[in-house]
Amino acid sequence: MLKSKDLLGLQYLSAQEICEILDGAVATKQFLKGDKKSADDLKGRSLITLFYENSTRTRTSFELAAKYLGATEVNVSVATSSVQKGETLIDTGETLDALKIDFIAIRHPMAGAPKLLAEHVKASVINGGDGMHEHPTQALLDMFTIKEHYGKIKGLKVAILGDIKHSRVAMSNLFGLNKLGAEVYMYAPATMIPKELERLGAHIAKSREEAVEGADAVMGLRIQLERMNGGLFPSLGEYARYYGVNGDVMKYAKPDAIVLHPGPVNRGVELTPALIDGESSLILEQVTNGLAVRMSILKLLAEYREKNL
């Protein structure tokens with residue numbers, strides 16, 4: 001069982017808790033493969049998705065996860081909510097809490113917003129991405145995809161290339177993969193990779209080839225232009241040429257290495273179309289696995305709430 005009512009980041013979870021979520025996702029994925037996608041595990045429960053930033057995969061999978069498990073799900077559109085009238089995050093949270101909901105899945109541009117919200121509501125808060133801090137459910141689905149493919153995570157080499165500086169996905173994967181015994185290599189332009197990542201357990205590679213050499217999994221990261229002030233690299237074309245992952249770079253990885261990306265992909269920039277659509281790509285499988293992982297999380301948080309709240 002999880003040790004908190006909330007899921008705020010992988011830095012706060014133990015290896016045992018991470019494994020419990022991944023193990024639960026095995027069962028929920030089997031459920032998704034069936035014809036009947038209706039269960040009553042969360043019957044009588046409710047989920048609010050509160051997204052202050054755009055999302056397709058994360059928000060939709062949270063909503064479907066709740067619906068498939070029998071919960072009531074409601075999306076709060078920030079653009080048409082009282083937030084536009086000046087309502088604070090805490091006031092919004094307390095208002096939603098007064099509606100006696102069970103779960104709030106939140107995405108927010110400010111790091112720490114989910115933690116702040118969790119401290120002021122009785123509902124279980126799930127971090128759907130906060131600023132450049134963490135995106136725990138994305139990392140969990142990435143790890144589930146790796147474990148499902150290889151049967152393990154411990155001892156594997158995972159290469160993460162792209163916009164490390166602005167990536168909450170990279171941070172969560174670093175925390176989670178390290179806790180489960182993987183080696184994490186990172187590579188990006190010097191302007192897009194914080195050096196303190198070495199202190200957190202990452203191997204900072206000096207080249208794409210070094211990062212990818214002998215890798216079991218290679219993950220590309222989207223260039224997050226919306227978070228940049230400009231000047232971090234000359235052009236998208238030059239970025240793709242010197243920092244993107246292509247077939248030649250993948251020759252340094254293990255022959256059976258898998259290709260991952262949290263999406264959406266800038267085709268031809270972070271990864272070539274041939275890799276995105278190739279046999280080694282598990283990018284679409286990650287989307288399915290995201291639904292399975294979020295179903296597992298909701299079930300485990302519901303179990304915590306039953307026994308502790």
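1. Lysine 307 belongs to helix α11. This is a predicted model, and in it lysine 307 has a relative accessible area of 59%. Lysine 307 is therefore exposed, since the cut-off for that class is over 50%.

2. Serine 124 is in strand β4, which covers residues 124–130. Its relative accessible area is 0%, so serine 124 is buried, the limit being under 20%.

3. What does the side chain of serine 124 reach? It reaches the backbone oxygen of lysine 5, at 2.6 Å. Leaving out residues up to four places away in sequence, serine 124 touches Lys5, Asp6, Asp102, Phe103, Ile104, Leu301 and Arg305.

4. Helix α11 (residues 283–308) packs against helix α1 (residues 15–33) at an angle of about 115°, and the two axes are 7 Å apart. Angles of 65 to 115 degrees count as roughly perpendicular, and α1 and α11 are therefore placed in that class. Their crossing is right-handed. From α1, the residues involved are Glu20, Ile21, Gly24, Ala25, Thr28, Lys29, Phe31 and Leu32. From α11, they are Glu285, Thr288, Asn289, Leu291, Ala292, Val293, Met295, Ser296, Ile297, Lys299 and Leu300. Sorted by class, the contact of α1 with α11 holds 10 nonpolar, five polar and four charged residues.

5. Helix α2 (residues 57–68) also packs with α11, here at an angle of about 50° and with the axes 8 Å apart. How are α2 and α11 oriented to each other? They are oblique, because of that angle. The crossing of α2 with α11 is right-handed. On the α2 side the contact is made by Arg57, Thr58, Ser61, Phe62, Leu64, Ala65, Ala66 and Tyr68. On the α11 side it is made by Val287, Gly290, Leu291, Arg294, Met295 and Leu298. The contact of α2 with α11 comprises nine nonpolar, three polar and two charged residues.

6. Histidine 261 sits in the loop between β9 (258–260) and α10 (273–276). Is histidine 261 buried or exposed? Its relative accessibility is 1%, so histidine 261 counts as buried. Its side chain reaches the backbone nitrogen of glycine 263 at 2.8 Å and makes a polar contact of 3.1 Å with the side chain of glutamate 270. Apart from neighbours within four places in sequence, histidine 261 is in contact with Gly220, Leu221, Arg222, Glu270, Leu271, Ile283 and Gln286.

7. Most residues other than glycine have a negative phi, and most peptide bonds are trans. The peptide bond from glycine 263 to proline 264 is cis, with omega near -10°. Proline 264 lies in the loop between β9 and α10, where histidine 261 is also found.

8. Lysine 100 is not a glycine, yet it has a positive phi of about 65°. Lysine 100 is in the loop between α3 (89–97) and β3 (103–108). With 67% relative accessibility, lysine 100 counts as exposed.

Note on methods:
Residues are numbered from 1 along each chain as its sequence is written. This is a predicted model: local features need pLDDT of at least 70, side-chain atom pairs count only at pLDDT 80 or more; totals for chains, interfaces and linings use all residues. Side-chain values use heavy atoms; hydrogens and water are left out. Axes are lines fitted to C-alpha atoms, for helices over the stretch in contact, and angles run from 0 to 180 degrees between N-to-C directions. Helices (H or I, at least four residues) and strands (E, at least two) are DSSP runs, numbered from the N terminus. Angles under 35 degrees count as roughly parallel, over 145 as roughly antiparallel, 65 to 115 as roughly perpendicular and the rest as oblique. A crossing is left-handed if the near helix is turned anticlockwise from the far one by less than a right angle, and right-handed if clockwise. Contact means heavy atoms within 4.5 Å. Ala, Val, Leu, Ile, Met, Phe, Trp, Tyr, Cys and Pro count as nonpolar, Asp, Glu, Lys and Arg as charged, and the others, Gly among them, as polar. Buried means under 20% relative accessible area, exposed over 50%, partly exposed in between (1.4 Å probe, protein chains only). A polar contact is a pair of N or O atoms within 3.5 Å; within protein, one must be able to donate a hydrogen and the other to accept it, and residues adjacent in sequence count only if both atoms are side-chain atoms.
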